[in-house]
Amino acid sequence: MCFACGAWGYMDTARARWREEQQRQAALQRPPARRQRVPHRSQPPPRLPRQPAAATRKLSADAPTPRAPAPVRPDLPQQLAAFQAALPGSRGEAYLQQRGIPLALAQQHGVGYAAPGTWPHAARDWRGGRVVFPHTTPDGHVVNFYGRAVGPAEEVPKAKRHDHLPGTKGYFNATALQAGHGPLWVCEGAFDALALLAAGVSRVVAIFGVQGWRWDWAREVRELVFALDADVPGQQQWRQLARQAALRGKRVAVLPAAAYGGHKDVNEAWVAGTLAVDAWSTPAEEPGARLAVPADLHEAWEERVAIMRADGHLRPADAARLAWEALQGGPPSSKAAHAGQDDTHA
């Protein structure tokens, strides 16, 4: 304290003594330094902690671009060629005939036959061999095989009946996603796809089960016809896919269960002679298929249906189809355009 001016502070000498006292107190509280051990000449130097490889690795500016991962089974095309060569005159050809599939049609779409002892998945080999269908990507690359054990269902245990190789899955006839005219027909199994092709449908893929659909592969597809199995999972799945398709701006139709003539899937109906491929309809015609229309369009759709029935004297199913197509922004289908001409009463 300066008694002359009233300012408060420390003198330089006091400040220096305070710093010395602080250093002395710190030295008293610090633990004694440990003597550093000098390793003996025969003793190896201590190991330094290992740094993670990712932390120490540095990529130079001119490092080569990483290569794309190699296919899991690069031998699949060669194996498929051998199976295709083995199909004519085999048990596989006979089995295809039993399922209503001509040999030429099967060969055109890459089908083959794995004789007993040649199926790549040795644990699932079958004494009658397997009819082999390639899994492909939309650009035609073979990524897997599906093998159906040869023999009637009562002779082939369910556990042995169907087999896919481990690894990546694709579609059967996936190139139809990028080629062909008209709507793309989607079914669950390879035999169903061949049956539709045999029945005159030109553009078909099989997705190997109701959960196999991939929207990223169908970006360029504008029209879809779902021909899934007539069981509960198949009927539930087409409705779910129809909703998803509508949200993506795609036009959707379905081959209803009635088109199978009481059979569970397309191929069974084809073998029995009851398959009616011209019986497809838009989802709005199916019982409960109003759910296929997005919720925000229900009111507009129902209003259009009512107006078309009142002004155009259309049948309910035809009015529903026309209203659905109008909401999708497309011209009325040829099937719908003639609706009501033969029967103008509701």
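This is a predicted model: local features need pLDDT of at least 70, side-chain atom pairs count only at pLDDT 80 or more; totals for chains, interfaces and linings use all residues.
Local features here need pLDDT of at least 70, side-chain atom pairs count only at pLDDT 80 or more, and totals for chains, interfaces and linings use all residues. Residues are numbered from 1 along each chain as its sequence is written, and side-chain values use heavy atoms, with hydrogens and water left out.

Let's start with helix H8, residues 232-247. Helices (H or I, at least four residues) and strands (E, at least two) are DSSP runs, numbered from the N terminus. H8 has 16 residues and reaches 23 Å from first C-alpha to last, close to the 22 Å expected at 1.5 Å a residue (the expected span being 1.5 Å times one less than the number of residues). At its start, a side-chain oxygen of Asp231 comes within 2.9 Å of the backbone nitrogen of Gly234. Just after H8, Gly249 has a positive phi of about 80°.

Now to Asp163, which sits in strand S4, residues 162-164. Is Asp163 buried or exposed? Asp163 is buried, because its relative accessible area is 4% (buried is under 20%, exposed over 50%, partly exposed in between, with a 1.4 Å probe and protein chains only). Its side chain makes a polar contact of 2.9 Å with that of His121 (N or O atoms within 3.5 Å; within protein, one must be able to donate a hydrogen and the other to accept it, and residues adjacent in sequence count only if both atoms are side-chain atoms).

Last stop: Met308, in helix H10. Met308 is partly exposed, at 21%. Met308 and Leu322 are 14 residues apart in sequence, and 8.3 Å apart C-alpha to C-alpha.
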